[in-house]
Amino acid sequence: MDVKKVKASIRERIWRILEERNIATFPRPVYGRIPNFIGSDIACEKILDLPEFKCSEVVKINPDSPQRRCRELVLEMGKILIMPTPRIRHGFLLLDPKKIPKNYYRDASTISGAFRWGVNVKPWNLPKIDLVIIGSVAVNLKGARLGKGEGYAELEWGILSEVGKVSENTPIITTVHDLQIVNDDIPVEQHDVPVDIIVTPSKVIRVNRVYKKPSGIIWSILKPEKLKEIPVLEELRKLSISKNRV
């Protein structure tokens, strides 16, 4: 089985379905993206009732469009928001709602606004993360998840896991449209990040997760260009080498 081809086939099918049924929303077309969808804000709002959200103080959310409302709600609820910058080029931003005027929470939940209102923090200086909310292209009831295929969500998890900010016990929620839940046996590689809870505009599903969450950065599979593209990775690699020499 060619794992990459199987994953790509599932992604293409979901992107096509969302476009053909006109469920996809801006930005379109959704091919190559974490797809935004009709009802994405409703899915985010359903998270408010989950105990994992209620008891969290620090929440990490990806910067994609379907999770924008999730980021705004985190700020509205007085929680610290951690947002990776697109492609992790500029590391991670920390947004403290106490330091943002309430009428600017929506602005701060956008990518450009997060840069205005957030503070760039090295991953090892971030607070411990209580909850991760992540976007997906497809997900199944075993907790296997597919992103857009570039590996950034996995790298974000690897970086934060490497510095002890997330672990196997950190709950991961994905918000998706109901049509993004598949019956396929999604192949799971050693770096893939599974989810614990799926939230759609119509329901909340606690999956029967059968996969462990990765621990740390798997340096052996990282391509040299990623180290150049993501400065914080090179910093962590040097720190790792220094520790090993001590």
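Start with the lining of the largest pocket: 20 nonpolar residues, 12 polar and 15 charged. Here Ala, Val, Leu, Ile, Met, Phe, Trp, Tyr, Cys and Pro count as nonpolar, Asp, Glu, Lys and Arg as charged, and the others, Gly among them, as polar.

A word on the source. This is a predicted model, where local features need pLDDT of at least 70, side-chain atom pairs count only at pLDDT 80 or more, and totals for chains, interfaces and linings use all residues. Numbering runs from 1 along each chain as its sequence is written, and side-chain values use heavy atoms, with hydrogens and water left out.

Back to the lining. H7 gives the largest share, 8 residues. Helices are DSSP runs of H or I, at least four residues, numbered from the N terminus.

Now Lys-7. Lys-7 sits in helix H1, residues 3–20. Is Lys-7 buried or exposed? Buried, at 5% relative accessible area; the cut-off for buried is under 20%, with a 1.4 Å probe and protein chains only. Beyond four places in sequence, Lys-7 is in contact (heavy atoms within 4.5 Å) with Leu-146, Pro-187, Glu-189 and Asp-192.

Last, helix H4, residues 68–76. Of its 9 residues, 8 are buried, so H4 is largely enclosed by the rest of the structure. Charged side chains are on that buried list, including Arg-68, Arg-69, Arg-71 and Glu-72. Just after H4, Gly-78 takes a positive phi of about 80°.

Technical notes
Helix = DSSP H or I, 4+ residues; strand = E, 2+ residues; numbered from the N terminus. Buried < 20%, exposed > 50% of the residue type's maximum accessible area, 1.4 Å probe, protein only.
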